[in-house]
Amino acid sequence: MSTPTLALGIAAPVLAPALGAVAALAVDAVTPRRRLPALVVGALALTLSLVASVVLRLRAAGGGEIATLCFADDPALAVADPPGLVASDCLMRVDGPGALLQTLAAAAGLAVLALLARARGLPTEGPDGRAHADPGVEVALLLATVTGATVVAVAHDLGTWLVGLELATLPIVALAVLRGGTRDSGALNLVTTSIASFAVAVVGAGLWVTATGSIRLGGAASWAPGQEELLRPVLTLGIVLLVAAVGFKLSLVPFHAWAPTTYPRAGVEVTLLLASVSTVAALGGLTAVVRGAVSVHAAVQPALSVLAVLSMLLGAVLALRASDPLRLIAWSGVTQGGWVLAPLVAADTAAAIGYLAVYVVAVVAALAVVAALSVDGPRSLEDDRGLLRRRPLHAAVLTLALLTLAGLPPGVAGLLAKFLALRPLADQGLWWVALPAVVAAVVGLAVYLRWVALVLRPEEGPRAPEDVDTTATVIAVVSGLVLLAATLAPVVLLGAGTT
């Protein structure tokens, strides 16, 4: 086996937040309880990761393999090459969709970091006597989460896949505890979900290795066992379990119960981290599994179909009952997770990643508006009645985000994302998934338009404008501008499928 090679430029989206997490802890040890140094380290690390991932996406558009961490002749990666294809020996391989996932993770991480920075004036001890977290610890946890999301987006072996997936979740549990305590933060739900999903993933990984004899995660590894009658059921069961493990992270039905209970209790910062960075990691893990299932995709397709249909329909229906913005976004995440999964039923990973890109930007915009208006405490949907007259800028961004999620103009990016998600289903005749998706889209209109109607409806009586948070407002405006850019140039988020 030859010595592995590591190209720093290719690994930069992963290395920058990883090294930044270590640096944030070191800076916090030197300058304890000072927020600014740790925040500067976090901002630099995430900015470097963002720039590097954008550069990789541009490079990937030119074609050719962009890979690093290559282990030539490693027996653990040995597979029988499929006809006409030579399997790569590299553990990290970047293509356009993978680089887009890394970009989303880094950009969302910057948004969360900005919200964490708002606590600059917090005392070192809260009114309950519980000490607030060291700034360096919070920044390090955030950077660790982004590291997990960026590595799982380009991972092509089971070891890196498993570590990256858990690294994108466990730090959020710690951050939820540090921000809100174990009783009311939803941290117990998160840690229970994480343990259960990891256990399922380990069993699935074991079955994969049993069937393929390799830790390589990809179609090249699954091709040979997919042709053998005795190994095909083992491989199929392993893939189904890996999908179920990621289903917990993506809050797909029936693995969704943690989301509507955790989102309203974890705080806007943790909720934003879960809805963006953690979701990006989940889809990165799911696309790797679907690509690896190419030889047995027909056998796995029913399981993917059931998860997608149940998530789209149940999430949309239960979102109709939500009166809390964060709970509504949690149920919205369930139905949107079904939409993300739908094109994967047809093995179209590019459409799934494009849909997620639009969803992440829209949900960041909506949550940023909620954070900006929550200076005086938690809000209900009814508090947004007449928001257009009181806070027109916030109302405009929130309306654009909600219409994008609904797939209505002027949220054209959302409409195109839904079209691209449905297209591969129609092309392959998968109407048992496409038709329920249309029904879920109609129910979703009622979900999002109910909120939009409150924003546009006149107030019942005179009311003073709410105090607003400037940092969250800037995040909301930037996210809204990205949505507008995606409307004018859909390729920004949806990729080559729109060109």
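**View 1. Phe 248 and Phe 255, both of them buried side chains.** Buried stands here for a relative accessible area under 20%, exposed for over 50%, and partly exposed for values in between, computed with a 1.4 Å probe and the protein chains only. The model is a predicted one, in which local features need pLDDT of at least 70 and side-chain atom pairs count only at pLDDT 80 or more, while totals for chains, interfaces and linings use all residues. Residues are numbered from 1 along each chain as its sequence is written, and side-chain values use heavy atoms, with hydrogens and water left out. Across the whole structure, a search returns 3 aromatic pairs. Phe 248 and Phe 255 make up a tilted pair, with ring centres 4.7 Å apart and 40° between the planes. Rings of Phe, Tyr and Trp (its six-membered ring) are paired when their centres lie within 6.5 Å, and the planes are called stacked under 30 degrees, edge-to-face over 60 and tilted for the rest.

**View 2. Helix H9, residues 232-249.** Helices (H or I, at least four residues) and strands (E, at least two) are DSSP runs numbered from the N terminus. The 18 residues of H9, at 1.5 Å a residue, should span 26 Å, and the end C-alpha atoms are 26 Å apart, so the two values agree; the expected span is 1.5 Å times one less than the number of residues. The buried residues of this helix include Leu 235, Ile 239, Leu 242, Val 246, Phe 248 and Lys 249. Ala 244 also belongs to H9, and Ala 244 counts as buried because its relative accessible area is 14%. The C-alpha atoms of Ala 244 and Leu 286 are separated by 9.4 Å, although these residues are 42 apart along the chain.

View 3. Ser 251 is placed in the loop between H9 and H10, and its phi is near 50°, a positive value in a residue other than glycine. Ser 251 counts as buried because its relative accessibility is 6%. Pro 254 belongs to the loop between H9 and helix H10 (258-266), and a cis peptide bond, with omega of about 10°, joins Val 253 to Pro 254.

View 4. Side chains of opposite charge can pair when their charged atoms come close. A salt bridge is taken as a side-chain nitrogen of Lys or Arg within 4 Å of a carboxyl oxygen of Asp or Glu, and by this rule the structure has 4 salt bridges. Arg 291 and Asp 95 meet through their side chains at 3.3 Å, N to O. Arg 291 is partly exposed because its relative accessibility is 28%, and Asp 95 is partly exposed because its value is 30%. Lys 249 and Glu 166 form another salt bridge, at 3.0 Å from N to O.

**View 5. The salt bridge between Asp 384 and Arg 379.** The closest N and O atoms of this pair are 2.6 Å apart. Asp 384 counts as buried because its relative accessibility is 3%, and Arg 379 counts as buried because its value is 11%.

**View 6. Lys 418 over the face of Trp 339.** Lys 418 is placed 5.0 Å from the ring centre of Trp 339; a charge sits over a ring if NZ of Lys or CZ of Arg is within 6 Å of the ring centre and within 35 degrees of the ring normal.

**View 7. A nonpolar surface patch of Leu 36, Val 40 and Leu 44.** Together these residues have about 290 Å² of accessible area, by the Shrake-Rupley method with a 1.4 Å probe, where for residues only the protein chains shown count as cover. Patches are made of residues with over 30% relative accessible area and no salt bridge, with like charges joined within 9 Å and nonpolar side chains (Val, Leu, Ile, Met, Phe, Trp, Tyr) within 5 Å. Val 40 is part of helix H2 (residues 35-61), and Val 40 counts as partly exposed because its relative accessible area is 41%.

**View 8. Two further loops, with Ala 347 and Pro 410.** Ala 347, in the loop between helix H13 (325-345) and helix H14 (349-372), has a positive phi of about 65° although it is not a glycine. Pro 410 is in the loop between helix H16 (392-406) and helix H17 (412-427), and the peptide bond from Pro 409 to Pro 410 is cis, with omega near 5°.
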